[in-house]
Amino acid sequence: MFGLLRLLARFGAVFLFLFLEGICMYLIVRFNENQKAIFASSASYFSGAILNQYQKVTRYARLEKQVETMQKEVARLENESWKMYYLGQTKTDTAKMRIDTLGLVPMYSVVEAQVINNSVSGAKNMLTINRGRKHGVFPPMGVITSNGIVGIVRHSTEHFSSVLSVLNTQTRISASVKGKGYFGSLVWKGSDPRHAWLLDVPKHNPVHPGDTIETSGFSTLFPKGVLVGVVRKRWVPSGESNYLIQVELSADLTHVNQVYVVKNLFKKEFDQLEQLSANE
Amino acid sequence: MNNPIIRQGLRLLFFLLFQVLLLKQIPLGPIGPFYADAFVYPLFLLLLPQRTSLELLLLLGFGIGLFVDMFYDSWGVHASASVFLAFIRPGMLRRLEPKGGYNLNYGLTIQRFSLTWFLRYAAIMMLFYLGFYYSMQVFSPVFFLEIVAKTALSFVTSLFFILILMLIFNPLD
């Protein structure tokens, strides 16, 4: 208490000065239009800057949650995109043929997943993802990213699955040249994680560097039209009738993180069909 | 007239009336894009004897400033400037101390000191006063050049009137 009094006695004039200036400031801002306007805009500028900084910090803290939401959203959109539909053209009238434009039946759905283990350096590369039977992931299902294809599910446990990477010498994926329809098998010959080879395209079909390669949709694993890559080089080895096409993969498998497992909703029917053909 | 409080009171009354009835009415005209003002009422605070306590100076400055604000219709602007002037007075006097030191009872006038000492003292103090006053009037560092220009113009006119008054009346204390 005495300390406080001594402080007041020592610096009383300073306090008085600050007090009086405080009153003056209040009067200035309260009763003078110009100064009031300047004060108001400066104050909002100042508080705006502080709030903006605060928002930046909290936005960063919310980032993980946002990424999660966005992944779900992407999965939903992938489900809705045209690639995922089985075009259900139906005859509804005997008198006239009519295409039911609303007859789109979902053919594929996707499950979002995270890559938790990955290799690209060997000859038989595998990935591990954090989705398994519990989430409806069974072998064989296709795995894609937003950039392109990743691989095929090989084994599933309750919560995890191993994926045969595109960068695996055992993998064969049916692929075609976009807009032209010539198709072949995409294989990988080891060592270079950026490039794969498209085989079995007959040499009488014109293929040029720069052409886009996409999935053909002939297998039940991938929808038609998922990006695979771009033609870099192509030539016909002597004595053969098919092209050898080098494809630069669009999905960088050395950096893959967020992937989507493609479920074919008509798988049972396809299997039945195969069964029927085999029994003949 | 020998009672110093009555004397100072009359002087204050004179300065205030001189300020609000005369100087406020004189149009000093636009010099360039700016209007010059002339302020002499801070002279009252400058002339008070050395022994006047800082608290009293601050309160006087506040009251006088508010009175002038009433006529200039600029609530708080003059008051804040004269409170500021009162606050820096003791420190400034310490810096300007003449060789013989001060006599605490003397007023800070030309007669008690010298014309050059007083001119220096008044010039520095008015510069601070006007700088603070126009900062409060313009109220934004964005218009820094405007503050400087107005301060410079009004500095000349104010000092001119202060000098005239001092030479005419030439008070002892």
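**Notes on chain B: a helix pair and the side facing chain A**

1. Let's start with the helix pair in chain B of this predicted model. Helix α5 (residues 115-138) of chain B and helix α6 (residues 144-169) of chain B have axes that come within 9 Å and cross at roughly 135 degrees. As for handedness, α5(B) passes α6(B) in a right-handed crossing.

2. Who meets whom here? On the α5(B) side you'll find B:A122, B:A123, B:M126, B:L127, B:L130, B:G131, B:Y134, B:S135 and B:V138. Facing them from α6(B) are B:E146, B:I147, B:K150, B:T151, B:S154, B:F155, B:S158, B:L159 and B:I162. Sorted by class, this contact has 11 nonpolar, five polar and two charged residues.

3. Stepping back to the whole chain, B has six helices and two strands, running α-β-β-α-α-α-α-α along the sequence. Of the 173 residues in chain B, 33% are buried. Among its contacts with a separation of 6 or more, 70% link residues 24 or more positions apart.

4. Now the partner chain: 15 residues of chain B are in contact with 15 residues of chain A. On the chain B side, α3 (54-72) and α4 (77-95) each supply at least two residues, and α4(B) gives the largest share, five residues. The chain B residues on this side divide into 10 nonpolar, four polar and one charged.

Terms used. Residues numbered from 1 in each chain as written. Chains lettered and ligands numbered in written order. Predicted model: local features only at pLDDT ≥ 70, side-chain atom pairs only at ≥ 80, totals over all residues. Contact = placed C-beta atoms within 7 Å. Helix = DSSP H or I, 4+ residues; strand = E, 2+ residues; numbered from the N terminus. Nonpolar A, V, L, I, M, F, W, Y, C, P; charged D, E, K, R; others polar. Buried ≥ 20, exposed ≤ 12 C-beta atoms within 10 Å, placed from the backbone. Axes fitted to C-alpha atoms, helices over the stretch in contact; angles between N-to-C directions. Left-handed = near helix turned anticlockwise from the far one by under 90°.
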